[in-house]
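This report walks through a two-part structure for someone seeing it for the first time.

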Amino acid sequence: MSETTSTGEDRRLFVGPSPHLRDRDSIPSVMRWVVLALLPAVAVSLWFFGLEAARVHVIAVAGCLAVEWACLRWLRTPGSIRDGSALVTGLLLAMNLPPTTPWWMILVGSVVAIFLAKHVFGGLGSNLFNPALTARVFLLVAWPAQMTTWLRPGVRGLVDAATLDTMTGATPLGLLKEGRLSEIAASSMDLFVGQVGGSLGEVSAAALLLGGLVLLARRVITWEIPATFLGTVVAVTGAVWVFGGPQHGTPWFHLVSGGLMLGAFFMATDMVTSPMTFRGRLIFGVGCGLLTAVIRLWGGYPEGVSFAILLMNAVTPLIDRMVPTPFGRGVPKAKEAA
Amino acid sequence: MARRTFRGGVHPEEHKDRTAGRSVETMPLPGRVVLPLRQHLGAPAKAVVKVGQRVAEGEVVAEAGGYVSAPIHAPIAGEVTAIARHRHPGGFTTDAVVIEAREAPPADAPEGASWPPEPVRMPPLDPDRASPEDLRNRVRDAGIVGLGGATFPTHVKLAPPPEKPVDTLVINGAECEPYLTCDHRVMLEETDLVVDGIRILRRILGVDRVLVGIEDNKPDAIDRLSAAFAGDPAVSVQACRVKYPQGAEKQLIRALTGRVVPAPPGLPMDVGVVVQNVATAAAVSRAVRQGIPLIERVVTVSGPSIAEPKNLRVRIGTPLADLVASCGGLTSPPGRVVMGGPMMGVAQVDLEVPVVKGSSGFLFLPAPSEEELWPGPCLRCGRCVDICPLGLAPAIIAWHLEAGDLDGAERLHVRDCMECGSCAWVCPADRYLVQWFRIAKARLHERNNQHR
């Protein structure tokens, strides 16, 4: 076939299948928006926990990037260090850890998140469980004491082990679980802005909500999962509060404490591990909400968001079997537009 | 007025502004035309001329090869210089008749013969007096096919079987593909022909309801046609939301009538509808009133690499290189040349291909970026499932195909796919979803033929 056109130029044309236009969104741009949306919450964690928070963020991100690099190099799974997915996992892992998590534990978490939960399953896009949450739950089960040591907000310097005990307190959900509701010093407003103990990403509901709205506006995530997740938690805890008594905590308290905002906007909406269909996402969100409320109200752990999301991750392939009915294959309708 | 629409779809950048405001320019007659015998869906046409034969403009050079087929007429006067294989802009090679213009009459012509000869025209018909049968035969004899790009022979669509009564004629002026503005210009500049053609089509079908669907990024065309049909209660011009693929037959029918065309092999006539494109309507009017066969069409030539993007009235068979020259040449080497719109068009190997009846546009686009070229892993984001206008689950079907599971893909109705490209457009990993489905459909077709 000649490469010379009638105009005498020797130019080869690219020949490929349609469509010849593509939306600008790419995997890296999706990841960039998630990072950007996390920044307000990262800033709040730095404000309340200072150097300890910075230390956790840096080690988690560096650890995840390093493990990602090693996995891509040796396992040859799909993905690229530049696609930003390991950066997102690193930040989310940090958000799921207490500010005083020892450095080596963060590194173990990085290996669990990137190697065990992601690359063993086949790399980017193939993992069944959310990598950051898998790591969090692994660490929680392996080292329960360190994973439930909560620095008081406002302690901004580095903390050494000797003085740690004097600077910690229980989380609001922890107090609730022990029936010490009256000892929760934080007001509703404190809970909302993040003036409470907890993991780095469990403190400020407001900052997470802001980031979540950015993701919604940019259509990186859709509304179904956050709305049904938060709605179900409010509905169930509200019903129990009304009929079961105030010792169960108000629905507002449940909405703004713990990892619910982080979970609903950043973890449950993880594309890879959540359903692909509209109806599937509704079911997924309701399931997450129900499990979270049940664990918080009647389970053995004060917080249930991570377990709820991981359990729903496990049934996502099942939910995705419910594909929509194609155009023209439904029950014939006699309806006609006026 | 409520804007009509359908479920799903995407919003690619329109890129229509460079040509939407430019009047159609008539290109000078080409010195050479290449007429592939497959310019329509169905059986290829059969050549009825011989090499060395002189033909007049409008003369039949190839007759219909069957019922679902269409004749081809000489777009210029000249000498048939070859009947040979030639590359077709649809991405394949097929037999073609080549006609070259001649300065003087042939040596054996009688003394005083003039050249070029008078164009051949069919006798004009009065659409109000001629029978629907005669009008339909005229559409057939004029070689008219769907000019929106699908190129289905128009007379076949105008003869619905008696068990499928048609009560509505839908006229497609959506032009939802980015860049293309040829239908827009035809609606503005040939309003009378479009209006007349619609009335003729309506008469042939014997329907008393006509719905004209136009995307509301063309308010001038909506106004023009609404005004033209102001006194006609049977015809209603409707504004449709700007959304791709609004101009896909089933989506347009859904938007305008609320009716859902059954899945393949279901056809619009199963819900009592026939769809025709606005440019096809204009061609019908020309064929009936003036006896002119389909020998030219309006083509949008656009894209970042073309010096002066234009809407050109071009004779069928004109080589693409001539169109480029008429548009001031190329400002930069194009990476990719596409016939049709960017969403469903076909990439070209070179500029030697001719304009065919289905050429709505030729676009000179940049080559894909590295990122677009190499698909990433599926993120399971579900965007393709959300936007598929046919309600399919593209990513899930593609997983089956990647795993070699053709049956799984068939169970998920891969054959319903119309290859509109919305899924691949929206995919953040730039996966070649449509290509997977094309291959699967071809393989399923092959397999079913073997079983027979």
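## A cis proline in chain B

B:Pro265 sits in the loop that runs from helix H7 (249-257) to strand E12 (273-277) of chain B. Helices (H or I, at least four residues) and strands (E, at least two) are DSSP runs, numbered from the N terminus. The peptide bond leading from B:Pro264 into B:Pro265 is cis, with omega near 5°.

The model is a predicted one: local features need pLDDT of at least 70, side-chain atom pairs count only at pLDDT 80 or more, and totals for chains, interfaces and linings use all residues. Residues are numbered from 1 along each chain as its sequence is written, while chains are lettered from A and ligands numbered from 1 in the order in which they are written.

## Other backbone features

A cis peptide bond also joins A:Ser18 and A:Pro19, with omega about 0°. A:Pro19 belongs to the segment that precedes helix H1 (27-75) of chain A. Most residues other than glycine have a negative phi, and most peptide bonds are trans.

In chain B, phi is positive at B:Thr151, near 55°, and at B:Glu419, near 65°. B:Thr151 lies in the loop between helix H2 (132-141) and helix H3 (154-157) of chain B. B:Glu419 lies in the loop between helix H13 (406-411) and helix H14 (422-426) of chain B. Are these residues buried or exposed? A residue is buried if 20 or more other C-beta atoms lie within 10 Å of its own, exposed if 12 or fewer, and partly exposed in between, with C-beta atoms placed from the backbone. B:Thr151 has 21 C-beta neighbours inside 10 Å and therefore counts as buried. B:Glu419 has 18 and so counts as partly exposed.

## Chain A

Chain A has 14 helices and 0 strands. Its C-alpha atoms fill a box of roughly 85 × 60 × 30 Å along the principal axes. Of its 338 residues, 51% count as buried. Among contacts (C-beta atoms, placed from the backbone, within 7 Å) in chain A between residues at least 6 apart in sequence, 73% join residues at least 24 apart.

One helix pair can be followed in detail. The axes of helix H2 (residues 85-95) and helix H4 (residues 131-142) of chain A come within 8 Å and cross at roughly 35°. Such axes are lines fitted to C-alpha atoms, for helices over the stretch in contact, and angles run from 0 to 180 degrees between N-to-C directions. A:Thr89, A:Leu92 and A:Leu93 of H2(A) meet A:Pro131, A:Ala132 and A:Ala135 of H4(A). The residues of this contact divide into 5 nonpolar, 1 polar and no charged. Here Ala, Val, Leu, Ile, Met, Phe, Trp, Tyr, Cys and Pro count as nonpolar, Asp, Glu, Lys and Arg as charged, and the others, Gly among them, as polar.

## A sheet and a helix in chain B

In chain B, 4 strands form an open sheet in the order E11-E10-E9-E12, with parallel pairing. Two strands pair if DSSP finds at least two bridges between them. Strand E11 (235-240) and E12 of chain B are at the edges with a single partner strand each, so one side of each has no neighbour in the sheet. The twist from one strand to the next averages 25°.

Strand E10 (residues 210-215) of chain B pairs with E11(B) in the parallel sense over 6 bridges. B:Ile214 has B:Ala239 of E11(B) as its bridge partner. Helix H6 (residues 219-228) of chain B packs on the sheet and touches E10 and E11 of chain B, its direction making about 170° with that of E11(B).

Elsewhere in chain B, 7 of the 8 residues of helix H4 (residues 182-189) are buried, so this helix is largely enclosed by the rest of the structure. Among the buried residues of H4(B) are B:Cys182, B:His184 and B:Leu188.

## Where the chains meet

How many residues does each chain bring to the contact? Chain B supplies 62 residues and chain A supplies 44. Elements of chain B that each give at least two residues to its side include H7, helix H12 (394-402) and helix H15 (433-451). The residues on the side of chain B that touches chain A divide into 39 nonpolar, 12 polar and 11 charged.

Terms used:
Contact = placed C-beta atoms within 7 Å.
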